[in-house]
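Please read the following report alongside the sequence and the coordinates. It moves from the overall layout to the strands, and then to individual backbone angles.

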Amino acid sequence: MTGKTLQLGEQKMLCQSGATVLDALLRELVEINHSCKQGVCQSCLSRSLDVAPPVSVHSMA
Ligand code: FES
């Protein structure tokens with residue numbers, strides 16, 4: 001299983017390759033506003049506090 005490790009406070013979670021950060025957060029039952037799940041509505045817009053997100057962060061590919 002490949003992907004990136006996300007850290008939200010003390011909680012670490014895996015964002016699998018090909019999945020969005022939103023997918024990873026929802027899989028871990030993190031409560032986050034969302035609607036379209038396609039990068040259109042921006043209701044899930046979040047901020048990375050320590051590293052720049054990858055360019056493909058808004059992509060489903
Ligand atoms: S749910 Fe993230 S952009 Fe719509």
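## Elements and overall layout

In this predicted model, the chain holds 1 helix and 2 strands, and these elements follow one another from the N terminus in the order β-β-α. Of the 61 residues of the chain, 7% count as buried. Among the contacts in the chain with a separation of 6 or more, 8% are accounted for by residues 24 or more positions apart.

## The hairpin

Strand 1, residues 3–8, runs antiparallel to strand 2, residues 11–16, and the two are joined by 6 bridges. One of the pairings involves Gln7, whose bridge partner in strand 2 is Lys12. Between the strands of this hairpin there are 2 residues, and Gly9 takes a positive phi near 65°.

## Positive phi after the helix

Most residues other than glycine have a negative phi. Against that background, two residues deserve a careful look.

Lys37 is located in the segment after helix 1 (21–27), and its phi is near 60°, a positive value in a residue other than glycine. Lys37 counts as partly exposed because it has 14 C-beta neighbours inside 10 Å, whereas a residue must have 12 or fewer to be classed as exposed.

Gln42 also lies in the segment after helix 1 and, although it is not a glycine, has a positive phi of about 60°. Is Gln42 buried or exposed? Gln42 has 11 other C-beta atoms within 10 Å, and it is therefore exposed.

Key
Residues are numbered from 1 along each chain as its sequence is written. This is a predicted model: local features need pLDDT of at least 70, side-chain atom pairs count only at pLDDT 80 or more; totals for chains, interfaces and linings use all residues. Two strands pair if DSSP finds at least two bridges between them. Helices (H or I, at least four residues) and strands (E, at least two) are DSSP runs, numbered from the N terminus. A residue is buried if 20 or more other C-beta atoms lie within 10 Å of its own, exposed if 12 or fewer, and partly exposed in between; C-beta atoms are placed from the backbone. Two residues are in contact if their C-beta atoms, placed from the backbone, lie within 7 Å.
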